[in-house]
Amino acid sequence: LLGSLKKQKELQDKAAIQLSELKEKKKELDIVLEILDFWYEGFGPRGIQTMVLDKLLSGLNACIKTYASRFGWDISCIIDNDRLVFNVKDKWKQLKIGYFSGSESMLVGLIVSLGVWRWLNLRGKGTNILFLDEVFGPFDAEMRIRVAELLKDIAKDRCVVVTTHHEDMKNLIQWDKIWMVEKQNGISNLRVY
């Protein structure tokens with residue numbers, strides 16, 4: 001019985017030593033795993049690319065906010081399930097872009113376009129000229145005025161070229177030049193006012 005107990009004690013001591021060695025080995029492996037996780041996160045599918053994209057989006061969203069706030073909206077570009085989507089909030093609702101009416105979607109498109117234009121300009125990649133074709137088309141009279149006021153502010157230090165069929169926009173803003181295309185006898189004539 002004494003021999004059996006001594007043998008059991010030796011096995012327990014040996015197991016305790018092995019357990020201690022295994023705990024040390026586990027600590028070492030945990031450190032290696034932590035390092036590998038860090039590098040995988042950095043270079044894996046949600047790593048550096050996502051970090052860079054997040055930084056770019058924060059700058060873009062700041063530029064978009066400049067224009068969205070003029071209309072009482074909050075628009076931001078976000079990453080949702082590895083896709084870029086626009087999150088839009090106005091006074092009444094917060095939705096993704098596909099759930100707004102046609103004119104609301106056009107306003108969001110205009111705001112985002114102006115935000116991208118500003119963002120590129122801030123990085124020296126843009127231009128000081130802005131061409132807008134039928135920008136007033138989808139809007140009612142009140143929204144056309146609000147968009148025109150925004151364009152008037154932009155035109156203070158940029159060249160803004162707007163095409164429109166809305167007569168009320170011609171006189172609403174003190175444009176530097178108004179070019180009118182008038183059709184007479186099937187021929188289009190350009191007049192500068």
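Helix α3 is followed by G124, which has a positive phi near 75°. The model is predicted, so that local features require pLDDT of at least 70 and side-chain atom pairs pLDDT 80 or more, while totals for chains, interfaces and linings use all residues. Residues are numbered from 1 along each chain as its sequence is written, and side-chain values use heavy atoms, without hydrogens and water.

Helices (DSSP runs of H or I, at least four residues) and strands (E, at least two) are numbered from the N terminus. Helix α3 (residues 102-122) comprises 21 residues and reaches 30 Å from its first C-alpha to its last, close to the 30 Å expected at 1.5 Å a residue; the expected span is 1.5 Å times one less than the number of residues. Buried residues (under 20% relative accessible area, 1.4 Å probe, protein chains only) of α3 include L107, L110, I111, L114, W117 and W119.

Helix α4 (residues 141-154) has 14 residues, which should span 20 Å at 1.5 Å a residue, and its end C-alpha atoms are 20 Å apart, in agreement. In α4, M143, R144, V147, A148, L150, L151 and I154 are buried. They cover an arc of only 160° around the axis, which puts them on the same side of α4; the arc is that of the directions from the helix axis to the C-beta atoms.

I178 is placed in the loop between α5 (167-172) and β6 (179-184). At 19% relative accessibility, I178 counts as buried. Contacts of I178 (heavy atoms within 4.5 Å) are made with K170, R191, V192 and Y193, leaving aside residues up to four places away in sequence. Between I178 and V162, 16 residues apart in sequence, the C-alpha to C-alpha distance is 9.4 Å.

Definitions and conventions: Buried means under 20% relative accessible area, exposed over 50%, partly exposed in between (1.4 Å probe, protein chains only).
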